[in-house]
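Colleague: I'm new to this one. Can you walk me through the inside?

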Amino acid sequence: MGLLEVEGLRFKYASEELFNNVSFRILNGDHIVIVGDNGAGKSTFMNLIAKNLIPDAGTINWENNVSYAYLDQHLKVKTDISINDYILEVFKPLYEKEALMNSYYEKLGTCKEYEYEKYLDYANSIQEELEKKNFYAINSTMGNMINGLGIAEYGLDTKLSTLSGGQRAKVYLAKLLLEAPDVLLMDEPTNFLDESHIIWLASYLKSFKKQFVVISHDEAFLREIGEVVYNLSNKTLVRYNMPYDRFLIEREIREDNYKKAYQNQQAFIKKTEDFIKRNIVRATTTKRAQSRRKMLERIQVLEKPKNHEPMHLKFPFSKGLGQEVLKLNNLSVGYKDKVVLSNLEFLLKQNQKIAILGHNGVGKSTIIKTIMGLIPKLDGSYVWNPSADLNYFAQEENYAPNVNAIDYLRYYYHLKTDGELRSVLASAGIKGDLAIKPMVQLSGGEQTKVRLALMTMKKSNVLIFDEPTNHLDIASKAELWEAIDSFPGSVILVTHEDNFYEGLVDLELNFE
């Protein structure tokens, strides 16, 4: 038996069936990656096996005493706590045992003679347990983790509430890894990680002695860590006991065979149904028709192959600009009394596409928020061309509980009809029930597509993107790349994915 056994899993969101008789297992030593298009149900499946959701049918059985921990792509935790205190919560039970051990040692000096051996045995037993769990190497273990993920530079006394979304994600990840459960469950762990830290995480996971299940759309990362691939397609999960590159070849063959099998089955069903209609009322053939009907009822009908819903994005262009689009003069950015970047000098030219690069917390989003007027500048100036029409994609956004995709667009364009808004959403791959599903219930990739759809409704000559590829599947990233590349105006792009901005931008601004 595996550490986890899933059998006959079925689950629906509203009227939409996500999983049809799904099976899944985690075996000793499994390094698993789960792949599939945006909206296929990867995050929902992870929430099901983490026992955050209840399936409609089927079983999810963890082996007794197997521990697991889940890093959610939308993780929400308390933030009024320092980095140091938050991470040290992992070791709280060990510190409590150390305190108990010390209390036994203290009793040795005052206890009665016949109690001496008892307290000494208690203390020695706890010490052996602490040594077994590497308690005395905590500082070293924690140091390796926070340095490997670049957390140390934030200052361990810093409150989580003051960190950027990317910085907090790193801290959550560090704590999860330090917990060292039997099974790591991680949904998009590379979102917001810098390239160097993605490399560190890949190396860490490759040498991980236990098991993990990872959802990711980062192909380079998947190639490094994936030893077993589960592909979520057509409402079922298929296991491939092979590295990611070999899986890509096998998947293409299998999907081609599935399409042929589906087409053959549909042709057989139609032919049989036609026979039944022609013969069910004839006395001489009614028994044969009834026999064929029973045969059809016993057939397990294949799901219609679900292809990737393509995005046909076009960001409308408003008007041309002069040569100078945006000028930074001695600009300093930050928050209140904390200067993040200072003395910035830069000129964005007409039709120029630039990428703003650098590690988490260096100030990339702070620059964007400042030039968008969302936070005040600390010193110097920035000047937009008076004819600049800005179109902005923020790194993070919160959604009201019951707001769906149509409501979201209508807030900005309240005179548009449902049909017009559905058409806009469809161009971004958001069709059918997805348009009326609450935004908070959409996958991260689907939320991103809704926000990109909104951007296609506004004429502009400057596009500003802050980490737009987070959560997008591989095909959708390529479609977004094409849309940005074909835009005739200026573009400012913040991203940590070098394979996305390469060949797209004219200039890279790298902040160390």
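**Core and cavities**

Modeller: Let's start with Ile87. Beyond its neighbours within four places in sequence, Ile87 is in contact (heavy atoms within 4.5 Å) with Met142, Ile146, Val171, Ala174 and Leu178. This is a predicted model: local features need pLDDT of at least 70, side-chain atom pairs 80 or more, while totals for chains, interfaces and linings use all residues. Numbering runs from 1 along each chain as its sequence is written, and side-chain values use heavy atoms, without hydrogens or water.

Colleague: How many residues has the largest nonpolar core?

Modeller: It has 55 residues, and Ile87 and Leu205 have the most contacts inside it. Such a core joins buried (under 20% relative accessible area, 1.4 Å probe, protein chains only) Ala, Val, Leu, Ile, Met, Phe, Trp, Tyr and Cys through side-chain atoms within 4.5 Å.

Colleague: What lies apart from it?

Modeller: Another core, of 39 residues, including Tyr408, Leu452, Val491 and Val505.

Colleague: New topic. How many cavities of 30 Å³ or more are there?

Modeller: The structure has 2. A cavity is a set of points on a 1 Å grid over the protein atoms alone where a 1.4 Å probe fits but cannot get out; lining residues have an atom within 4 Å of a point. Volume is the space filled by probe spheres on the points, joined across faces, edges and corners.

Colleague: What volume has the largest, and which residues line it?

Modeller: About 50 Å³. Its lining includes Glu188, His217, Asp218, Lys477 and Glu497.

Conventions:
1 Å grid on protein atoms, 1.4 Å probe; cavity = no way out; pocket = protein on both sides within 12 Å on 5 of 7 lines; lining within 4 Å. Buried < 20%, exposed > 50% of the residue type's maximum accessible area, 1.4 Å probe, protein only.
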